[in-house]
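I am opening a new notebook page for this structure. I will look things up one at a time and write down what I find.

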Amino acid sequence: MSRYARISALIALSGFCVLSGARAAPPAGAPSELKIGVVAFLSGPASGPFGIPARNAAELWIDKINREGGIGGVKVVPVFTDEAGPADKVVTEFRRLALDEKVSAVMGYISSANCLAVPPVADELKVLTILSDCGTDRVFEEGKQHPYVFRTHAHTVIDGVGAARYVLAMKPDVKTIAGINQDYAWGRDSWEVFSRTMRKLKPDVEVVDALWPKIFAGEYSAEISKLLVEKPDVVFTSFWGGDLVTFSGQAKARGLLEETTVVVNNTGSDIKDLAPGMLIGSRGPHSIVSAEMAKNPLRKEFISLYKQKYGLAPNEYIAHGSYHYVQALQGLRAAYEKAIKAAGKWPTSEQVAAAFEQIEFESPSGHIALAIGGGHQAIEPAGYAVIKFDSALGVNNFTQIRVFPAKCVNPPEGMKSLDWIDKGFPGAQC
Amino acid sequence: MRLLLVVGLDGLTYASWLFLVSAGLTFTYGVLRVLNLAHGNLYALGAYLGATLVLHYAATGSTPALTYALLLIAALVIGAVVGPLIERFFLRRVYSRDEEVQLLLTFSISLILEDVVKLVWGVTPIFADLPYTYLGRVRLGGVNYAWYPFLLAAIALAIGGLLWLVVTRTRLGKILTSVISDREVSLTLGINVPRVYTLAFTAGAVLAALGGALTAPMFSLVPGVGADVLVTSFAVIAIGGLGSIGGAALGSLLVGMARSFAVYKFPELDLFVIYLIMALVLLFRPQGFFGEIEVRRI
Amino acid sequence: MTTRTRTVALLLIVALVLLVGLPLLLPEWIIFLLTVASAKALAVLGVVLLLRGKLLTFGHALYYAAGAYAGGMAVRYWGVHEALVLLALALVAGVAVSAILGLLVARYRAVYFALLNLAFSMVLYGMLLKLYDVFGGTDGIGIAEPTLAGFRLSGLAMYELTIVITALLVYLTHRFFVSPLGYTLRAIRDNEVRVEYMGVSVWRAVYVSYIIAGALAAVSGGLIALAVGHITPDLAFWSQSGEFVFVAILGGTGSVLAPVVGSVLFEFVRNYAFKLSPYTWQMTLGIVLLLIIFFLPGGVWSLTARLPRRSHR
């Protein structure tokens with residue numbers, strides 16, 4: 001080899017060593033591993049539609065992050081735990097994760113009640129906490145600020161506002177609406193947002209009925225009969241999981257879907273079981289996305305990884321909980337990287353929390369920005385569509401997709417969601 | 001008038017659902033004086049197995065008419081296998097102990113079965129609606145009704161009638177009545193009481209599983225489906241009187257009609273109705289409608 | 001040294017160990033676990049008290065929730081933050097509700113007693129869940145930053161407060177058990193009719209016992225509200241009542257201390273069941289319960305009966 005070639009080779013080799021070294025070597029003060037508590041419903045009725053898919057998605061994404069060198073060069077180790085149980089159990093588990101397992105961060109929580117119970121404890125113990133699937137808008141709209149708590153997905157206001165806007169887009173002459181929702185906070189909040197938005201956007205709309213079956217009732221013949229008698233133009237429901245599939249099945253069997261239009265504000269893995277003709281949302285840009293979003297490389301990577309590890313039938317869509325948990329991990333990674341860059345060494349929890357505020361990052365659900373809630377709450381667009389049965393493929397898919405931009409369906413910074421609706425959506429960009 | 005018809009029909013369908021779901025529980029209590037807290041899990045097992053059989057069968061594309069038989073078979077299998085297992089290996093050992101201990105035993109079995117169901121069938125909802133949709137619908141009172149719940153009502157009636165017949169008209173029924181009234185005297189009469197207990201518990205298990213299998217086509221099965229059913233069954237049989245099949249029927253009708261009426265007039269009360277009725281009935285008639293007051297032994 | 005001095009010394013040592021020693025030796029989250037276990041032990045004590053009269057209740061979570069929500073209402077509507085006030089309100093709520101419901105319930109026995117209590121507890125659950133604007137629904141109410149006599153209530157202070165209150169109420173319950181009314185309750189368990197024939201009012205004994213049991217559960221609820229910081233309608237759900245019964249049998253009914261032992265054991269078992277088998281923790285609990293039923297029928301407390309007895313003067 002000529003002298004010149006040898007020197008170039010040497011330079012190239014050392015350059016390569018430096019670069020890979022820079023990727024592999026974690027900053028000063030880094031722990032040997034980054035333990036993260038992952039909380040989800042592993043038992044009970046919420047485990048099927050949300051908990052287990054979310055946990056699985058977290059696991060596969062953490063594997064991917066580790067393949068790419070981990071967070072800041074440190075391997076991520078998840079500690080999975082079950083969210084099931086009353087508040088005292090959930091809080092005890094949180095404390096155990098923080099003080100016994102000594103995790104650097106906790107992510108998870110699907111139930112809104114837990115998302116309200118955990119933040120004060122997170123603040124007390126100064127543990128970085130990323131709420132990953134719950135819907136209540138109260139976390140950052142009521143009570144004091146939570147410096148260590150963040151939510152990397154949109155709250156449920158996008159579902160109700162999105163549903164209302166979609167209904168008005170599809171049925172501009174709607175005159176009567178009714179609601180059938182599970183009698184608990186999620187059902188109440190969902191209906192409140194939807195009905196208020198409808199009445200604001202079309203003041204002459206009349207609410208003919210609001211039905212409140214018990215959660216997990218399983219038997220809706222009386223409610224369906226009443227709806228068949230009343231024949232509202234649109235029926236709104238926030239049912240999920242088994243209840244949603246049951247209601248869809250019973251409604252279809254009795255022809256409710258022929259007499260009225262049913263809109264559901266949250267679907268995901270249950271799309272394959274729902275009756276065609278239903279208007280559905282998916283809690284953000286997850287199952288129902290714009291054509292552009294469908295080409296997003298991270299999204300395609302996530303879906304292919306998920307398919308590889310857990311299998312995905314051609315008619316199956318991934319639960320929104322799964323996307324949300326991946327968003328949480330992406331947010332966590334982005335925050336850590338930003339904090340490491342700022343500190344020059346391994347950051348403290350405070351530094352990561354400071355970096356997390358107002359952060360923006362990419363995810364399989366697109367570009368996520370923590371734009372409201374003092375920089376702690378993310379906003380996302382809301383996608384809605386009509387279920388269509390594709391007889392050629394024998395599966396359900398969508399038609400008439402509308403994606404409402406984030407600034408259209410989220411309140412602006414500093415304003416409470418219900419106030420924003422009542423004031424006529426100031427600042428909304430649709 | 002039309003409203004009355006609609007409320008009545010809905011009340012009837014819900015009542016038959018309730019009866020199918022709670023008949024097993026009251027029967028077991030009637031004979032063994034044990035409130036089987038694993039009842040909800042037996043229900044779930046019957047439902048899951050029935051649904052699985054139907055889904056597998058439906059995939060083969062054969063005639064849907066046979067799916068009803070599959071549901072029956074699933075219930076019989078669960079009842080006949082799990083029933084004797086629980087009774088002979090666990091319950092039998094605690095007959096001599098306090099009622100509380102027996103309750104706790106069935107409670108611990110229910111905890112175990114809950115996870116067994118989850119381990120075997122996973123957490124993905126299962127909806128085997130072919131038997132439900134196959135029968136189509138009928139228009140009554142200007143409202144569409146599915147035929148299937150009416151089939152269930154007929155089956156509920158048949159089961160109630162069958163149980164009554166067996167208990168009052170057959171030799172087996174006489175033996176059962178004897179054991180219920182006085183265990184010791186029955187023993188002295190030469191009746192194989194332990195075997196009667198096993199039989200009765202198994203029958204109760206079959207009824208529970210049957211309730212699950214027959215109602216499975218109507219809704220999506222998820223983990224935890226048994227727990228809800230348990231509390232509902234409690235309430236119904238408490239109203240009707242523990243141990244009384246007729247009471248379970250009456251309790252089911254009462255709650256079914258009340259809930260149906262509430263949905264129309266007071267939808268906010270939906271959640272409460274069953275517990276309010278239970279509390280009211282128990283206050284004025286603690287033994288329920290047809291329950292028997294136990295004579296205290298001095 | 002007289003027996004009296006010796007007892008006092010023993011108590012002081014135990015108090016020192018519990019209040020000072022344990023917090024120094026044990027990690028923070030175990031202290032939290034003990035706080036929760038100790039608080040819940042009071043509700044279990046209420047169940048055990050009733051079991052002494054052969055009265056099994058499946059609805060004791062009613063009072064547990066009543067106590068917690070009495071505190072919660074005060075926080076939500078009057079902005080009260082003082083722990084002692086919240087606990088006092090919990091106690092008042094427990095006594096008030098049990099005094100009213102006791103009038104209806106004290107006539108019943110066995111399964112009917114159990115079911116009637118269950119029904120009432122589920123009615124309360126329904127109300128807490130449904131009256132969304134009043135009680136906060138399933139989202140619950142946050143009990144933020146409670147204070148103790150003006151000072152911020154830290155985790156350690158909460159632990160100490162709970163231990164002190166638990167010890168006090170356990171002692172008072174013990175006094176009740178050795179009082180004439182307490183013995184009447186025992187006699188009712190053995191043979192109610194004979195007690196009536198003796199001229200003693202069975203109904204009154206049951207009624208008073210019911211109120212005491214309700215009061216214990218209500219204070220328990222108040223303590224949990226303070227320790228956990230968030231209350232939801234689940235506190236009244238039948239599975240919570242079931243848990244109290246479970247722990248009552250786990251610990252045994254032989255002594256006032258048994259519920260505390262049972263409660264601590266249960267919290268630990270449940271937590272480690274979660275850690276070891278997050279997917280099948282229910283099965284683990286079920287198996288543990290089965291083992292207790294078959295091999296330790298008097299509950300864990302019955303193990304102490306096998307210890308060599310000290311001679312008493």
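**Ground rules.** I am working with a predicted model, in which local features need pLDDT of at least 70, side-chain atom pairs count only at pLDDT 80 or more, and totals for chains, interfaces and linings use all residues. Residues are numbered from 1 along each chain as its sequence is written, and chains are lettered from A and ligands numbered from 1 in the order in which they are written.

**Chain A, domains.** I looked up how chain A is divided. I found domain 1 (30-155 + 299-379) and domain 2 (157-288 + 381-422). Such bounds come from an automatic or database domain assignment. The C-alpha centres of the two domains of chain A lie 27 Å apart. Next I checked where they touch. In chain A, 26 residues of domain 1 are in contact with 31 residues of domain 2; contact means that C-beta atoms, placed from the backbone, lie within 7 Å. On the domain 1 side, helix H2 (47-67), helix H13 (320-343) and strand E12 (366-372) of chain A each supply at least two residues. Helices (H or I, at least four residues) and strands (E, at least two) are DSSP runs, numbered from the N terminus. By class, that side of domain 1 of chain A has 13 nonpolar, 10 polar and three charged residues. Here Ala, Val, Leu, Ile, Met, Phe, Trp, Tyr, Cys and Pro count as nonpolar, Asp, Glu, Lys and Arg as charged, and the others, Gly among them, as polar.

**Chain A, strand E3.** Which residues of E3(A) (residues 105-108) lie on each side? I found A:Ala105 and A:Met107 on one side and A:Val106 and A:Gly108 on the other, all buried. Buried means 20 or more other C-beta atoms within 10 Å of a residue's own; exposed means 12 or fewer, partly exposed is in between, and C-beta atoms are placed from the backbone. In a regular strand the side chains alternate between the two faces of the sheet. I then looked for neighbours. Strand E1 (residues 33-40) of chain A runs parallel to E3(A), joined by four bridges. Strands pair if DSSP finds at least two bridges between them. A:Gly37 stands opposite A:Val106. E3(A) also pairs with strand E4 (residues 128-131) of chain A, in the parallel sense, over four bridges. There A:Gly108 stands opposite A:Leu131.

E14(A) (residues 382-390) and E15(A) (residues 395-404) run antiparallel, with eight bridges. A:Ile387 has A:Phe398 as its bridge partner.

**Chain A, helix H6.** I checked the length of H6(A) (residues 157-170). At 1.5 Å a residue, its 14 residues should span 20 Å, and its end C-alpha atoms are 20 Å apart, which agrees. The expected span is 1.5 Å times one less than the number of residues. Is H6(A) enclosed or open? It is largely enclosed by the rest of the structure, because 11 of its 14 residues are buried. Among them are A:Asp159 and A:Arg165.

**Chain B.** 35 residues of chain B are in contact with 32 residues of chain A. H1(B) (2-32), H5(B) (130-134), E2(B) (143-146) and H11(B) (245-265) each supply at least two residues of the chain B side. H1(B) gives the most, with five. That side has 20 nonpolar, seven polar and eight charged residues.

**Chain C.** I counted 12 helices and four strands in chain C. Buried residues make up 53% of its 313 residues. Its C-alpha atoms fill a box of roughly 50 × 50 × 45 Å along the principal axes. 30 residues of chain C are in contact with 28 residues of chain A. The largest share of the chain C side, five residues, comes from H2(C).

**One residue in chain C.** I ended on C:Glu267, found in H11(C) (residues 258-276). C:Glu267 counts as buried because it has 24 C-beta neighbours inside 10 Å. It touches C:Leu33, C:Val36 and C:Ala37, not counting residues up to four places away in sequence. C:Glu267 and C:Lys40 are 227 residues apart in sequence and 9.7 Å apart in space, C-alpha to C-alpha.

How values were computed: Two residues are in contact if their C-beta atoms, placed from the backbone, lie within 7 Å.
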